[in-house]
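Subject: Structure handover

Hello,

Here is the structure for your work, with notes on what was found in it. The notes follow the sequence and coordinates.

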Amino acid sequence: MSVPYTFTIVGKNDNPLYEAEFASGVKAKEQAHHLSQFVIHSSIDLVEEAVWKSTAMNLKGVDRFGKSYISSFVTAGHIKFMLLHEKKEEDAIKGFFQDVYELYVKIAINPFYQLNTPITSVAFDSRVKKLGAKYF
């Protein structure tokens with residue numbers, strides 16, 4: 001089963017802060033959406049282990065589920081960016097994570113945003129989706 005790219009930002013307490021799907025020619029079904037969420041959240045422990053084994057923020061592929069891979073990027077504040085994907089496009093994924101990190105920093109320094117709470121900004125959502133279209 002082919003799944004769309006699923007991007008999730010996970011907070012310090014393993015709470016979801018933001019989710020987006022980038023369907024690159026894949027028609028997303030609700031069942032696939034729930035499976036994507038399950039796969040990503042089941043990989044959180046592996047990401048937390050990988051953080052202590054590496055000094056890099058971009059952890060690359062941390063887990064695999066069937067034909068899908070989970071890549072991760074962890075900020076200095078231990079906010080986890082996780083992407084479920086089927087193709088190994090490390091350069092595109094690295095660029096996507098770096099660009100989203102810049103957007104996240106702008107949200108985090110906003111005095112009206114409380115850290116570790118869901119990101120509800122429409123501007124953030126549209127920019128992340130544009131980045132998803134650009135890279136995937």
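Predicted model: local features only at pLDDT ≥ 70, side-chain atom pairs only at ≥ 80, totals over all residues.

The strands β1 and β2 run antiparallel and are joined by 6 bridges.

Sheet and helices

The open sheet holds 5 strands, ordered β2-β1-β5-β4-β3, with antiparallel pairing. Because β2 and β3 stand at the edges with a single partner strand each, one side of each has no neighbour in the sheet. From one strand to the next, the twist averages 20°.

Helix α2 lies across β1, β3, β4 and β5, and runs at about 145° to β3. Helix α4 lies across β1 and β2, at about 40° to β2.

In soluble globular proteins, nonpolar side chains tend to be buried together. Here the largest nonpolar core has 26 residues. The elements giving two or more residues to the core are β1, β2, β5, α3 and α4. The largest share comes from α3, with 8 residues.

F96 can be described in some detail. Its relative accessibility is 0%, so F96 counts as buried. Leaving out residues up to four places away in sequence, F96 touches F7, F22, V128, L131, G132, Y135 and F136.

Aromatic pairs

A pair of aromatic rings is described by the distance of the centres and the angle of the planes. The count for the structure is 16 aromatic pairs. One of them is F73 with F97, a tilted pair with 5.8 Å centre to centre and 35° between the planes. F73 is in strand β4 (residues 68-74) and F97 in helix α3, so this pair ties together parts that are 24 residues apart in sequence. F73 and F97 are both buried.

F96 and Y135 make another pair: their ring centres are 6.4 Å apart and their planes are at 75°, so the pair is edge-to-face. Since F96 lies in helix α3 and Y135 in helix α4 (residues 122-135), the parts tied together by this pair are 39 residues apart in sequence.

Salt bridges

Side chains of opposite charge can pair when their charged atoms come close. Searching the whole structure gives 4 salt bridges. Which residues are linked in a network of salt bridges? The network consists of D14, E48 and K80.

In the salt bridge between K80 and D14, the closest N and O atoms are 3.7 Å apart. K80 lies in strand β5 (residues 80-85), while D14 is in the loop between β1 (5-10) and β2 (16-22), so the pair ties together parts that are 66 residues apart in sequence. K80 is buried, with a relative accessible area of 4%. D14 counts as partly exposed, at 32% relative accessibility.

The salt bridge of E48 and K80 has an N to O distance of 3.6 Å. This pair links distant parts of the chain, with E48 in helix α2 (residues 44-53) and K80 in strand β5, 32 residues apart. E48 counts as partly exposed, at 27% relative accessibility.

Another salt bridge joins K60 and E90, whose closest N and O atoms are 3.9 Å apart. K60 in strand β3 (residues 58-65) and E90 in helix α3 (residues 90-108) are 30 residues apart, and the pair links distant parts of the chain. K60 is partly exposed, with a relative accessible area of 45%. E90 also counts as partly exposed, at 44% relative accessibility.

Regards

Definitions and conventions. Residues numbered from 1 in each chain as written. Heavy atoms only, no water. Salt bridge = Lys/Arg side-chain N within 4 Å of Asp/Glu carboxyl O. Helix = DSSP H or I, 4+ residues; strand = E, 2+ residues; numbered from the N terminus. Buried < 20%, exposed > 50% of the residue type's maximum accessible area, 1.4 Å probe, protein only. Phe/Tyr/Trp six-rings, centres within 6.5 Å; stacked < 30°, edge-to-face > 60°. Pairing = 2+ DSSP bridges. Axes fitted to C-alpha atoms, helices over the stretch in contact; angles between N-to-C directions. Contact = heavy atoms within 4.5 Å. Core = buried A, V, L, I, M, F, W, Y, C linked by side-chain atoms within 4.5 Å.
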